[in-house]
Amino acid sequence: MMSSLLRTPLHALHVELGAKMVPFAGYDMPVQYPTGVMAEHKHTRAAAGLFDVSHMGQVRLVGVDAAAALETLVPVDIVDLGVFKQRYALFTNDQGGLLDDLMVCKRPDDLFVVVNAGCKDQDIAHMQKHLAGRCEVIPMPERALLALQGPQAVDVLSRLNPDVAKLTFMTGGFFKLDGIDTFLTRSGYTGEDGYEISVHEDDAVALARKLLNHAEVKPIGLGARDSLRLEAGLCLYGHDIDTATTPVEASITWAIQKVRRAGGARAGGYPGAAVIDAQLANGPTRKRVGLVGKERMPVREGSKIVTADGTEIGVVTSGTLGPTVNQPVALAYLSTPHAALGTEVFAVVRDKRTPMVVSATPFTPNRYYRG
């Protein structure tokens with residue numbers, strides 16, 4: 001079984017660093033290192049954590065029509081994106097459900113797209129099928145992807161190239177890091193300031209070692225990546241969002257710019273537009289919310305949510321004991337009448353009810369650098 005798993009260019013380094021390796025999205029990936037998930041989570045919030053996210057898909061869309069072409073697949077404004085500006089986007093299906101979430105950065109000669117590991121092959125096939133004739137879809141399997149996240153990420157990376165400090169959240173550029181060619185964006189999925197760094201696979205280990213040589217940097221596994229993004233209130237594809245969830249139900253309508261909504265200059269024209277526009281106008285029957293526990297009982301994915309009288313009103317899609325906030329936090333879908341902030345509900349954990357309150361996300365303040 002293990003031999004059939006793919007490996008990132010950093011695989012041997014993870015093993016050398018004592019990582020516990022697990023199968024994830026078809027890859028053999030580090031879930032944690034010897035200090036453990038809690039220490040890794042806290043280190044990232046306090047200093048700088050280095051994540052291997054090379055299992056994700058990196059793709060170039062090349063052609064003068066690439067931005068307009070991509071808008072036929074996403075409800076997002078790509079055409080008006082400035083050069084070296086990045087945006088969160090969503091692939092939708094004909095029912096308005098989510099095929100994947102992705103990142104798009106406009107560069108001088110292409111659109112740089114990053115898709116989730118578990119959806120990589122189908123996303124690339126989806127783009128190749130629907131964008132053929134309008135732009136080239138060029139996968140970049142030769143590129144590794146590192147994420148350096150945390151309040152001291154900028155200090156560490158600035159030692160390799162001081163110009164990276166000039167970037168603001170969701171902007172990018174081509175940079176040499178101590179002689180290594182990279183394309184990086186000031187972004188990530190932890191709620192912290194930080195960078196995602198695309199680098200050729202041949203240079204990935206050398207760059208990782210350069211970063212790990214700094215006292216502020218420790219390697220971080222998938223376990224802490226998950227708890228960090230959950231505290232930041234960020235969706236994980238296949239858990240909090242999927243093909244049966246619309247952007248409106250998922251409470252990510254901030255990703256749909258006015259120009260792409262009903263009445264906008266480039267409204268619709270993407271799969272499921274009619275469904276999504278109707279939900280934007282009338283509201284969904286259920287929505288994704290944050291929940292904070294009143295007791296210490298951690299509430300996990302799949303736990304049912306009920307009212308005081310036992311009526312089932314929803315389900316938890318992600319949950320943990322938040323290491324930063326030091327209380328149980330969860331993302332859940334609730335029927336809209338119960339989704340208002342401050343509503344008390346109950347999670348059913350091993351046949352016992354534990355009280356929770358509908359709460360705003362993020363659970364801990366985001367610290368993105370906006371200039």
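This is a predicted model: local features need pLDDT of at least 70, side-chain atom pairs count only at pLDDT 80 or more; totals for chains, interfaces and linings use all residues.
Figure 1. Of contacts between residues at least 6 apart in sequence, 65% link residues at least 24 apart.

**Figure 2. Surface and charge of the chain.** Buried residues account for 57% of the 371 residues. The accessible surface of the chain is about 15300 Å², and carbon and sulfur atoms contribute 53% of this area. Among the side chains, 38 are positive and 40 are negative. The centres of these two sets are 4 Å apart.

**Figure 3. Strand β11 and its cover.** Strand β11 consists of residues 180-185. Five of its six residues are buried, so the strand is largely enclosed by the rest of the structure. Strand β10 (residues 172-177) pairs with β11 in the antiparallel sense, and strand β12 (residues 194-200) also pairs with β11 in the antiparallel sense.

**Figure 4. The hairpin of β10 and β11.** Six bridges connect β10 and β11. Leu 177 lies opposite Ile 180 of β11. Two residues sit between the strands of this hairpin, in which Asp 178 has a positive phi near 50°.

**Figure 5. The pairing of β11 with β12.** The two strands are antiparallel and share four bridges. Thr 185 has Glu 196 in β12 as its bridge partner.

Figure 6. Strand β19, residues 352-359, is mostly covered, with six of its eight residues buried. Strand β14 (residues 286-293) runs antiparallel to β19 and is joined to it by four bridges. In this pairing, Gly 290 stands opposite Ser 359 of β19. Strand β18 (residues 344-349) is also antiparallel to β19, and six bridges join these two strands.

**Figure 7. The hairpin of β18 and β19.** Across the six bridges of this pair, one of the facing residues is Val 345, which stands opposite Met 356 in β19. The hairpin has two residues between its strands, and Arg 350 takes a positive phi near 50° there.

Terms used. Residues are numbered from 1 along each chain as its sequence is written. Side-chain values use heavy atoms; hydrogens and water are left out. Buried means under 20% relative accessible area, exposed over 50%, partly exposed in between (1.4 Å probe, protein chains only). Contact means heavy atoms within 4.5 Å. Accessible areas come from the Shrake-Rupley method with a 1.4 Å probe; for residues, only the protein chains shown count as cover. Lys and Arg count as positive and Asp and Glu as negative; His and the chain ends are not counted. The place of a charge is taken as NZ of Lys, CZ of Arg, CG of Asp or CD of Glu. Two strands pair if DSSP finds at least two bridges between them.
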